[in-house]
Amino acid sequence: MASAYTFETKRLSVQAWSPSSLPSIGTHEFREEFSPLLTPAVLKHLPKALQLSDSENAIEHWLEERVAESDLLTVRDSKGILIGLLILARLSEQESLATVHVGYLFSEAAWGRGYATELISGLINWYRDSRTSVQIIGGVEKGNAASARVLQKNGFERMKDYSDPETDMFSKRITDHS
């Protein structure tokens, strides 16, 4: 399913993560490309399960775990540089409406440039263009106001009943006619 998510925005190219499209796993080039994405500052607001371990092959293990549980997409800028990841985990499939949990992260060098807002807008447009009905949900740690604003700018609404003291949950419903 991940390959179907391939899309572009004005400044971003988003495609399914594929080991064949990257330097060989475990090489210096591979670590060099992914290291800026998986820093403590970038991962700070993510759940404990999404933190990087201290093992020698931590990046490889982190990516393998994400691929095992979700669709992992790379986000590249107009120069082809890997600046982010989009994580889409399908939670449920009802007859007419799937629920997908969205997560994303960007390298620190990409922060404050509007890439996250553009990425989520591009994802919404992809769903609309493909006439796919879906409910997209995203959780944001209370201390991460920037990510909450990204979702709100894209029409997500806070889910009061699903939020808790540590995490605000947001939702956006897209139907094939909206």
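**Exercise 1. Work out why strand S6 is largely enclosed by the rest of the structure.**

Step 1. Strand S6 covers residues 134–141; strands are DSSP runs of E with at least two residues, and helices are runs of H or I with at least four, numbered from the N terminus.

Step 2. Six of the eight residues of S6 are buried, so the strand is largely enclosed. Buried means under 20% relative accessible area (1.4 Å probe, protein chains only).

A word on the model: it is predicted, so local features need pLDDT of at least 70 and side-chain atom pairs pLDDT 80 or more, while totals for chains, interfaces and linings use all residues. Residues are numbered from 1 along each chain as its sequence is written, and side-chain values use heavy atoms, without hydrogens and water.

**Exercise 2. Find the strands that pair with S6.**

Step 1. Look at strand S5 (residues 98–106): S5 and S6 are parallel, with four bridges. Two strands pair if DSSP finds at least two bridges between them. Here histidine 101 sits opposite isoleucine 137 of S6.

Step 2. Follow the chain from S5 through helix H4 (residues 115–129) to S6: this β-α-β crossover is right-handed, meaning that, with the strands pointing away from the viewer, the path from the first strand over the helix to the second runs clockwise.

Step 3. Now turn to strand S8 (residues 167–174), which runs antiparallel to S6 and is joined to S6 by eight bridges. Glutamate 141 has threonine 167 in S8 as its bridge partner.

Note on methods: Buried means under 20% relative accessible area, exposed over 50%, partly exposed in between (1.4 Å probe, protein chains only).
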